[in-house]
Amino acid sequence: MYELLKKLFPICRSITGDGVRKTLEILKEECPLLKTYEVPSGTKVYDWTVPKEWNIKDAWIKNSKGEKIIDFKQNNLHVLGYSTPVHKKVSLKELLEILYTLPEQPDLIPYVTSYYKERYGFCMSENQKQNLKNDEYEIFIDSELKDGFLTYGEIIIPGKTEKEVLLSTYICHPSMANNELSGPVVAIELAKWLSGKKNKYTYRIIFVPETIGSITYLSKNYKKMKENTVAGYVLTCLGDEKNYSYLASRYGETLADRAALCALKHYVENFKTYSFLDRGSDERQYCSPGIDLPVCSVMRTKYGEYPEYHTSGDNLNLITLKGLEGGVHIYKKIIEIIENNSKYVVNTPCEPQLGKRGLYPTISTKNTQTLVEDILNILVYCDGKNDLIDLCDITNISPQLCIQTINKLKQANLLEEINENI
Amino acid sequence: MYELLKKLFPICRSITGDGVRKTLEILKEECPLLKTYEVPSGTKVYDWTVPKEWNIKDAWIKNSKGEKIIDFKQNNLHVLGYSTPVHKKVSLKELLEILYTLPEQPDLIPYVTSYYKERYGFCMSENQKQNLKNDEYEIFIDSELKDGFLTYGEIIIPGKTEKEVLLSTYICHPSMANNELSGPVVAIELAKWLSGKKNKYTYRIIFVPETIGSITYLSKNYKKMKENTVAGYVLTCLGDEKNYSYLASRYGETLADRAALCALKHYVENFKTYSFLDRGSDERQYCSPGIDLPVCSVMRTKYGEYPEYHTSGDNLNLITLKGLEGGVHIYKKIIEIIENNSKYVVNTPCEPQLGKRGLYPTISTKNTQTLVEDILNILVYCDGKNDLIDLCDITNISPQLCIQTINKLKQANLLEEINENI
Amino acid sequence: MYELLKKLFPICRSITGDGVRKTLEILKEECPLLKTYEVPSGTKVYDWTVPKEWNIKDAWIKNSKGEKIIDFKQNNLHVLGYSTPVHKKVSLKELLEILYTLPEQPDLIPYVTSYYKERYGFCMSENQKQNLKNDEYEIFIDSELKDGFLTYGEIIIPGKTEKEVLLSTYICHPSMANNELSGPVVAIELAKWLSGKKNKYTYRIIFVPETIGSITYLSKNYKKMKENTVAGYVLTCLGDEKNYSYLASRYGETLADRAALCALKHYVENFKTYSFLDRGSDERQYCSPGIDLPVCSVMRTKYGEYPEYHTSGDNLNLITLKGLEGGVHIYKKIIEIIENNSKYVVNTPCEPQLGKRGLYPTISTKNTQTLVEDILNILVYCDGKNDLIDLCDITNISPQLCIQTINKLKQANLLEEINENI
């Protein structure tokens with residue numbers, strides 16, 4: 001995963017253009033199930049319109065000696081995203097008007113965009129800006145903003161049922177490691193894992209530019225998603241090794257929320273819970289009142305909560321393979337819970353006689369109860385009301401052990417499954 | 001307000017009689033919308049009967065030297081409320097049997113009544129009682145207890161809808177400043193404010209003797225009130241500058257409770273919450289099972305919770321203009337919430353594009369989200385389920401800012417209002 | 001009660017056999033309403049089968065000198081419950097294989113059984129085991145395991161209605177004082193009390209061997225119990241003087257739970273609450289999904305929570321008359337609550353005029369409210385929604401005072417009773 005991420009890192013992505021196409025091509029090499037779609041500029045998508053396509057070849061600022069003081073090829077954050085082309089000489093005063101910096105983090109280059117108003121600009125560190133001399137500067141942006149397409153990727157992995165689980169991640173930030181590439185890289189890893197096994201649910205894994213991409217995707221696929229989606233997650237910020245985070249859906253009560261919390265409670269030591277008021281990614285669209293899909297997000301350190309967020313500091317040093325593997329691990333556990341989240345009914349009155357089935361010791365001492373209490377506790381709450389997540393909550397038994405025990409009891413013909421989603 | 005209160009203070013009010021009439025006359029001078037009603041003694045009102053009318057001209061006790069040791073004209077608390085007339089000489093021993101004092105508060109004259117059993121009596125401070133000599137005393141009460149009327153006042157301020165808000169206050173205590181006059185004075189101020197503006201709801205503002213007055217009023221107006229009342233409040237103890245108090249309705253879940261708590265949480269620093277078990281005023285009638293109106297009470301320091309309560313200490317020194325203005329202020333805020341408490345639905349799927357409406361910055365940096373998060377948070381919970389109070393609770397945005405934002409969004413044609421009460 | 005318990009203590013009970021019969025005979029002497037039933041070995045009861053009947057006359061181990069080193073007649077715990085007969089000589093090594101001890105409690109003989117697999121064995125203290133010499137031992141068990149009967153007892157005390165309250169206790173442990181005999185002894189005392197008074201509900205008091213007995217009983221009586229049972233309790237561990245315990249039903253929300261908690265909150269100083277996950281007695285059957293009766297358990301110190309549990313330490317020294325009386329007391333209080341747990345409606349709008357009924361003082365001072373607030377608080381929540389337990393919860397008034405007040409108000413014709421169970 002780390003190698004894939006390194007390969008994707010230098011590409012200058014935006015919400016449209018060749019950076020997105022190149023990124024999807026590389027992801028398709030990893031997972032050939034990925035299909036790419038293009039939507040023309042000007043297409044109406046709900047309240048929005050697909051913008052012009054933006055591409056950029058080069059950009060720099062030179063001082064009067066002809067020295068490049070910043071260079072797009074060194075760091076693609078130096079250019080304001082969606083900058084219109086320009087080539088002219090400007091005074092220091094004029095230059096300062098189109099410069100973006102972060103005075104509070106003077107070493108870092110900020111990530112700034114202007115998608116929906118045409119302008120041009122440059123970003124640099126505050127330190128560099130402070131050292132600018134009163135000089136004449138030559139500014140150059142070799143970009144193109146014209147009718148084209150918005151591009152996105154989609155992997156569909158069919159399951160036993162058309163009911164589906166959504167995994168959504170975004171591919172629109174330039175060289176950003178944690179708050180961007182950790183998402184697609186973990187998503188591809190999960191896609192490979194899911195396509196190698198039999199699943200109850202169909203998995204819809206999508207790679208879209210944030211906001212306009214998810215809106216565009218929804219406008220084309222909403223009816224089917226609304227009918228079928230049982231749970232969904234926004235995959236982002238999954239690359240560092242710090243605590244896990246959970247960001248709730250609009251009311252925090254969907255199967256997506258319940259499965260996420262069940263996995264986090266049983267499988268990680270600490271996690272931080274964020275309200276939907278703290279949202280910032282595509283759950284803004286998925287959970288909006290007119291869409292209302294059951295979507296939440298499980299992350300490592302959340303966007304906005306680490307100082308390098310949306311700066312040149314969100315680079316390859318911020319993330320690790322171990323961090324990414326932790327991201328994959330928690331989503332595998334969430335998916336395992338969703339796949340097994342049926343309700344069950346014990347099919348005999350009173351406790352069944354476990355002893356004759358080899359599930360209860362034949363000698364009864366003061367410690368007998370403890371040995372089998374997990375089995376008995378799961379059994380007694382298999383009353384048709386509780387699904388797997390409820391059983392874990394009530395008995396405080398881990399989903400994994402709960403699934404194992406349920407399978408044992410099903411083999412002994414003691415439980416019937418009520419599968420509501422198929 | 002303080003001047004009005006001073007004018008009303010000396011009048012000897014009771015549950016019937018000329019004191020009530022005089023009080024309502026003065027209030028009518030302030031607000032000519034006030035109408036007065038009279039109900040004859042002996043009228044059956046639910047389980048009760050309107051009592052005889054009581055009037056008093058004078059009362060005193062003289063010692064054997066002919067010196068008045070207490071004088072009704074000095075302080076109308078000196079006479080037991082509803083005392084029958086008397087004029088005779090009594091020994092010290094006989095006098096002590098009809099004297100009421102407060103041993104724990106030896107400086108203060110208690111306020112004592114005997115509405116439903118005919119007797120006579122006097123009240124004085126414990127200190128004065130201790131100094132009484134073994135003497136012959138002449139006692140005199142020039143009162144009259146005979147068939148007459150129970151008198152109450154009513155202001156109706158029509159709104160766009162017949163649905164109404166009830167403000168109820170009482171006018172039956174003699175010279176009591178906080179636990180009596182602060183209520184009518186604040187009610188009149190609110191009546192003047194409400195009659196000067198356009199309101200969604202009709203306002204029913206009533207001035208009744210406590211208990212028997214609200215029972216009588218209900219027996220005559222219940223059907224209409226039950227059909228129309230969306231929220232109601234008992235106005236009392238609104239004159240000091242101490243913390244605010246909230247006394248819940250029977251189950252604490254009515255619109256009246258919700259609006260009161262919303263105003264208190266967002267607009268005052270501290271407030272004390274009382275259970276309905278701590279009630280003591282006309283919510284006893286309004287919230288009784290057979291009446292069941294949505295009524296609670298917001299006060300400054302609650303009756304029974306300050307030592308001067310129901311004594312001669314509850315006088316003009318206890319209250320201030322600033323205290324009364326605080327009482328008016330909180331009720332204005334409560335009314336503003338009720339008037340605006342609709343539900344809303346955003347009328348486009350996904351987030352609307354705020355940028356093209358000038359509601360979102362065109363430059364996106366790491367701090368963009370914060371700038372517009374109030375708008376986005378209100379919008380996303382405008383899903384038809386939440387009213388204004390819910391929105392304030394969920395987003396922790398003040399009702400005032402919430403109302404402003406909603407109005408902005410309505411002007412941008414992004415929200416539809418669901419008005420359930422009209 | 002203590003004398004009865006002493007009489008029952010030496011009997012060697014098991015889940016079947018003459019020990020159970022003898023125990024029921026003695027209980028019948030105390031309460032002639034008790035009827036005994038026998039169910040043949042081999043009878044199918046739900047997922048189970050009634051086992052063979054077990055009886056034992058004698059058992060011992062002798063050393064090579066012919067000295068009895070353990071003797072069933074000294075302590076019936078020395079024999080593994082349900083041991084098959086045996087008489088042979090064994091080496092120390094062979095003996096050790098059939099010996100059960102408690103290494104952590106080296107002074108105590110454990111209580112061990114093997115109901116559903118045929119084997120034989122002996123129990124002794126760990127200390128005695130450590131002192132065993134390398135010798136030849138003669139082991140002897142004069143027992144019989146053959147087709148016979150499972151025996152149980154039942155007392156039915158009819159009430160005004162067929163709706164019933166279940167009290168279930170068990171009679172299958174040999175010489176165990178707290179975790180066995182305290183249950184039947186308290187149950188008999190309650191039966192005597194209940195049969196001496198008029199009750200609203202019918203009382204079903206049963207004495208069954210644990211697990212197989214309650215399963216057998218249910219298989220014969222389930223339909224009627226399901227139709228009629230409003231609340232039930234498992235009576236066990238009621239003999240020590242320590243804190244009370246409450247073990248919840250499957251969801252902790254039945255009338256049995258509510259009445260138990262109401263009694264414990266108002267009548268005892270401290271009590272410990274256990275989740276249904278901590279269950280261990282016949283609530284395992286009564287609360288199983290296919291049975292689903294409203295059953296919980298109130299105990300003194302719970303089984304498994306005191307070190308003497310299921311050892312020779314659970315003997316007559318562990319319990320006291322005072323402890324048993326405490327057990328009877330709490331169940332009397334619970335039954336009083338259930339018997340009176342109706343809903344009520346006040347039959348007049350507004351507060352009724354208590355004064356004219358002598359329930360309200362005729363003089364009103366600042367302290368009046370307090371004097372009658374209990375009456376007023378009960379009255380105002382008599383709105384047809386709340387039963388006695390709700391009224392106690394809301395007003396924090398004890399059930400006893402609440403019942404007294406309600407009776408006073410009923411006599412004054414102010415309340416109507418809504419009796420849902422008759």
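Reply: Four salt bridges are counted between chain B and chain C. A salt bridge here is a side-chain nitrogen of Lys or Arg within 4 Å of a carboxyl oxygen of Asp or Glu. This is a predicted model: local features need pLDDT of at least 70, side-chain atom pairs count only at pLDDT 80 or more, and totals for chains, interfaces and linings use all residues; side-chain values use heavy atoms, with hydrogens and water left out. Residues are numbered from 1 along each chain as its sequence is written, while chains are lettered from A and ligands numbered from 1 in the order in which they are written.

One salt bridge pairs Asp47(B) with Arg357(C), with the closest N and O atoms 2.8 Å apart. On the chain B side, strand E3 (48-49), helix H6 (212-228) and helix H8 (283-286) each supply at least two residues that touch chain C. Helices (H or I, at least four residues) and strands (E, at least two) are DSSP runs, numbered from the N terminus.

The contact (heavy atoms within 4.5 Å) takes 35 residues from chain B and 27 residues from chain C. About 2,500 Å² is buried between the two chains, and carbon and sulfur atoms give 51% of that area. Asp47(B), Leu277(B) and Arg284(B) supply 27% of the area that chain B buries against chain C, more than any other three residues. Buried area is the accessible area (1.4 Å probe) that two parts lose on being put together, summed over both.

Asp47(C) forms a salt bridge with Arg357(A), the closest N and O atoms being 2.8 Å apart. The pair crosses between chains: Asp47(C) sits in the loop between strand E2 (44-45) and strand E3 (48-49) of chain C, and Arg357(A) in the loop between strand E17 (343-346) and helix H10 (368-381) of chain A. Asp47(C) is buried, at 13% relative accessible area. Arg357(A) is partly exposed, at 29%. Buried means under 20% relative accessible area, exposed over 50%, partly exposed in between (1.4 Å probe, protein chains only).

Glu351(B) forms a salt bridge with Arg284(A), with the closest N and O atoms 2.7 Å apart. Glu351(B) lies in the loop between strand E17 (343-346) and helix H10 (368-381) of chain B and Arg284(A) in helix H8 (residues 283-286) of chain A, so the pair joins two chains. Both Glu351(B) and Arg284(A) are buried. Over all chains the count comes to 73 salt bridges.

How are the copies related? A rotation of 120 degrees with 0.1 Å of shift along its axis superposes chain A on chain B, with an RMSD of 0.1 Å. That is the relation of a three-fold axis. The superposition is by least squares on the C-alpha atoms of residues with pLDDT of at least 70 in both copies. Within chain A, Glu253(A) comes closest to the rotation axis, at 13 Å (C-alpha).
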